[in-house]
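Please find below my notes on the model under review.

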Amino acid sequence: MASSALRIAVRRLSQQSSSRTPVLLRQMFEPKSCTYTYLLGDPESREALLIDPVLETAQRDAHLVKELGLRLLYAVNTHCHADHITGSGVLKSLLPGCQSVISRLSGAQADLHIEEGDSIRFGRFALETRASPGHTPGCVTFVLSDQSMAFTGDALLIRGCGRTDFQQGCARTLYHSVHEKIFTLPGNCLIYPAHDYHGLTVSTVEEERTLNPRLTLSCEEFIKVMDNLNLPKPQQIDFAVPANMRCGVQTPPS
């Protein structure tokens, strides 16, 4: 009798689990700046958000949102980017009701400012905001509420990390941000970065904890590496940063 009741309970639990529709996720690429934009949506409520939209591909993103029958609530930026202009402003005009979102510590304008611990809700789902400064002071990582995936911006890339030699970057701060805010997530948590330059699309916390050539170093070794990268200045920095400081508020081009 007890065994039969247990089987019924297990079957009901399985049916309930299978009936829960997972989050809708689409990863899109902008080739000039090698930027990934992410569309996340709730298939039941149709509420959605975009992470790190790019000006040149805003029309594409808006088309996909409409094609999938979604209602875009937010255009969210992980930080004030230096290598492209955000598509937030154009998306606000293409999809009325959409609001721009960025960290308060970025110093950029937006409809909504977020801080450590804030949640961005869309339907049944939510993104937890984790401050992950170092690349810039306003960098954040967004973690899905079940910790199955994290959107790390430029803080953590696949087998790499964002540079720290401009926009008030700090290698020591970045090292601690990644180790304390991202590497403490479950090992199977998927890592979705803002950029990739080698054709890779996704990693995991465990992979980066054990295989990332920079972030497996000691903090002092990491600082030495970051201080000696000698990278060229981003091509669009002189006009991208001023535009992005008006995140989602700039007048869209005609």
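1. Two strands are taken to pair if DSSP finds at least two bridges between them. In this predicted model, strand S11 (residues 190-193) and S12 meet that criterion, pairing in the antiparallel sense over two bridges. Within S12, Ser203 is the bridge partner of Ile191.

2. These strands belong to an open sheet of six strands with mixed pairing, in the order S7-S8-S9-S10-S11-S12. Strand S7 (119-122) and strand S12 (203-204) stand at the edges; each has a single partner strand, so one side of each is left without a neighbour in the sheet.

3. The largest nonpolar core holds 21 residues, of which Leu40, Ile120, Phe122, Leu127, Phe142 and Phe151 touch the most other members. At least two residues of this core come from each of several strands, including S7, strand S8 (125-131), strand S9 (140-144) and strand S10 (149-153). Strand S2 (35-41), strand S3 (47-51) and strand S4 (71-76) are also among those that each supply at least two. Another core, of 20 residues, lies apart from it, with Ala171, Val178, Cys189 and Ile223 among its members.

4. Which residues does Phe151 touch, not counting residues up to four places away in sequence? Among them are Leu25, Tyr38, Leu40, Ile51, Leu127, Phe142 and Tyr192.

5. Asp61 deserves a separate remark. This residue is found in helix H2 (residues 58-67). Asp61 counts as buried because its relative accessibility is 0%, the cut-off being under 20%. Leaving aside neighbours within four places in sequence, Asp61 is in contact with Met28, Thr37, Leu50, Pro53 and Leu91.

Methods
Residues numbered from 1 in each chain as written. Predicted model: local features only at pLDDT ≥ 70, side-chain atom pairs only at ≥ 80, totals over all residues. Heavy atoms only, no water. Helix = DSSP H or I, 4+ residues; strand = E, 2+ residues; numbered from the N terminus. Core = buried A, V, L, I, M, F, W, Y, C linked by side-chain atoms within 4.5 Å. Buried < 20%, exposed > 50% of the residue type's maximum accessible area, 1.4 Å probe, protein only. Contact = heavy atoms within 4.5 Å.
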